[in-house]
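Student: I have a model open on my screen and I'd like to learn how to read it. Could you walk me through it?

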Amino acid sequence: MSDLIPVRVQCPYCWEMLDTTVDPSLSEAEYVEDCQVCCQPIVFVVVVDENLVPAVTVRPEND
Ligand SMILES: [Zn+2]
């Protein structure tokens, strides 16, 4: 059981900075979460390296 890691991403629709968390026990994950500000679906792509440092990229769902 590992702790969630807080990350900050920028919404690809409204460009607001969003605080969220990722699960470092998954080495790779892709999921959709609605923006907390504009409620549009953001695709999160999370890759966790061997030091458990997550790299998060976001893109619009219909890109
Ligand atoms: Zn947004």
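Student: Leaving aside its neighbours within four places in sequence, which residues is Leu4 in contact with?

Tutor: Two residues are in contact if their C-beta atoms, placed from the backbone, lie within 7 Å. By that rule Leu4 touches Thr21, Val22 and Asp23. The C-alpha atoms of Leu4 and Asp23 are separated by 4.8 Å, although the two are 19 residues apart along the chain.

Student: Before I go on, what kind of model is this, and how are the residues numbered?

Tutor: This is a predicted model, where local features need pLDDT of at least 70, side-chain atom pairs count only at pLDDT 80 or more, and totals for chains, interfaces and linings use all residues. Residues are numbered from 1 along each chain as its sequence is written.

Student: Is Leu4 buried or exposed?

Tutor: You count the other C-beta atoms within 10 Å of the residue's own: 20 or more means buried, 12 or fewer exposed, and in between is partly exposed, with C-beta atoms placed from the backbone. Leu4 has 12, so it is exposed. As for the chain, buried residues make up 6% of its 63 residues.

Student: How many helices and strands does the chain have?

Tutor: Both are DSSP runs numbered from the N terminus: helices are H or I with at least four residues, strands are E with at least two. Here you get zero helices and five strands, in the pattern β-β-β-β-β. Leu4 sits in the segment before E1.

Student: How many bridges join E1 to E2?

Tutor: Strands pair if DSSP finds at least two bridges between them. E1 (residues 5–10) and E2 (residues 17–22) run antiparallel, with six bridges joining them. Pro6 stands opposite Thr21, and Val7 has Thr20 as its bridge partner. The hairpin has six residues between the strands, and there Trp15 takes a positive phi near 65°.

Student: What order do the strands of the open sheet have?

Tutor: To read a sheet, follow who pairs with whom. The order is E3-E4-E5, with antiparallel pairing, in an open sheet of three strands. E3 and E5 stand at the edges, each with a single partner strand, so one side of each has no neighbour in the sheet. From one strand to the next the twist averages 25°, where axes are lines fitted to C-alpha atoms (for helices, over the stretch in contact) and angles run from 0 to 180 degrees between N-to-C directions.

Student: Which residues in E4 are the bridge partners of Glu28 and Val32?

Tutor: Glu28 has Val47, and Val32 has Val43. Seven bridges join E3 (residues 28–34) to E4 (residues 41–48). In their hairpin, Cys39 takes a positive phi near 65°.

Student: And what about E4 and E5?

Tutor: E5 (residues 54–60) pairs with E4 over seven bridges, in the antiparallel sense. One example is Ile42, whose partner is Pro60. This hairpin has five residues between its strands, and Leu52 in the turn has a positive phi of about 60°.

Student: What is the radius of gyration of the chain?

Tutor: That radius is taken over C-alpha atoms, and the globule rule is 2.2 Å times the number of residues to the power 0.38. With 63 residues a compact globule would come out near 11 Å; the chain has 12 Å, which agrees. The C-alpha trace spans about 30 × 20 × 15 Å along its principal axes.
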